[in-house]
Amino acid sequence: MQRFPESDAKYAYSPAHASIGTVHPGEMFQVESVEGYSGYFRSPDDFNAESYAAAEAQKWAVVGPISVAGATAGDALAVTIHDVEITTPGVVTYGAYSRDIDPYEWWDDETAADVYPIENGLLRFDEHTHLPTRPLIGCLAVQPEEGEVNASLQGRYGGNLDCRELRAGATMILPVAHDGGGLYFGDCKALMGDSEIVGPPEVGALVTASARPIPRPPSLEWPRIETAHELMTIVSGKPLESAARQALRELLNWVCDDFDLPRAKAALLLAMVAHARIAQVSNSDYTSYCVAPRASFAPYRR
């Protein structure tokens with residue numbers, strides 16, 4: 001099995017990056033995802049102004065780009081996540097989260113670090129609480145159509161979406177702008193709730209994935225996620241409510257393409273079964289995703 005090391009990490013997505021290797025359609029491969037703070041905080045005592053500045057300068061490392069044989073511009077890539085194996089403790093930086101300041105400012109109020117041991121699938125929060133891990137991939141992208149984009153950003157190419165459902169068992173569908181696709185992986189978390197108003201535990205991880213080119217669905221404009229039980233569409237933008245509405249529209253377009261339902265009837269069914277959720281409100285553009293159960297549409301399969 002091919003393994004792409006963390007030494008191939010970049011800090012941007014760009015069509016100018018040379019491919020670090022090629023995988024065949026359906027071939028399983030592994031990617032070493034860099035821990036979000038690049039190992040600067042092995043214990044709380046490691047946090048100081050200098051180490052924090054150094055860690056911030058190397059944040060959002062993504063390994064790639066990885067080419068997929070047969071993927072051509074105008075296609076889509078279906079990227080299946082088979083496993084996300086945590087390889088480091090969970091690391092957070094944090095502040096006071098004062099009640100008298102706007103929570104928007106909490107993100108930049110980082111004055112300390114903590115490290116959470118992880119063993120046997122459990123994160124030790126403190127002596128009272130052990131939480132089951134639910135590892136996810138924060139950044140998954142293809143090379144954007146043009147220009148260099150910092151890895152902290154997101155768009156139609158994917159990127160720093162921070163969606164908690166991008167984990168083992170999920171398949172992300174991304175539009176391809178360049179031959180080979182150019183996949184990047186990074187920013188894994190041990191577990192995360194919706195919104196990322198406060199940072200979750202960053203971890204190093206060994207991601208096992210496969211990818212295959214597929215004809216681009218007619219209505220695919222933003223990334224999609226499929227699981228055994230759910231369909232999801234993900235949109236980034238501001239304001240958040242606009243991203244949420246567009247995510248519902250993306251899902252409605254998908255349903256109308258794949259299922260035998262009149263558009264108005266499909267919209268009404270989504271109104272009854274779909275859920276608008278927040279992936280993150282911490283980045284430059286906020287990300288919303290819309291989720292619907294597959295079972296609701298099974299009777300209408302073409």
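The model is predicted, so local features need pLDDT of at least 70 and side-chain atom pairs count only at pLDDT 80 or more, while totals for chains, interfaces and linings use all residues. Residues are numbered from 1 along each chain as its sequence is written, and side-chain values use heavy atoms, with hydrogens and water left out.

Begin with the open sheet, whose nine strands follow the order S1-S5-S19-S7-S17-S20-S21-S23-S22 with mixed pairing. Strands here are DSSP runs of E, at least two residues long, and helices are runs of H or I of at least four, numbered from the N terminus; two strands pair if DSSP finds at least two bridges between them. Select strand S1 (2-4) and strand S22 (275-280) to see the edges, each pairing on one side only.

Next, display strand S7 (residues 76-86) and strand S17 (residues 171-175), which run antiparallel and are joined by five bridges. Val 79 stands opposite Met 172 of S17.

Finally, select the cysteines. The whole structure contains zero disulfides, a disulfide being a pair of cysteine sulfur atoms within 2.5 Å. For Cys 139, the nearest cysteine sulfur belongs to Cys 188, 8.8 Å away. Cys 139 counts as buried because its relative accessibility is 0%; buried means under 20% relative accessible area, with a 1.4 Å probe and protein chains only. Cys 256 is also buried, at 16%, and its sulfur lies 13 Å from that of Cys 290, the closest, which is too far for a bond.

Notes. Buried < 20%, exposed > 50% of the residue type's maximum accessible area, 1.4 Å probe, protein only.
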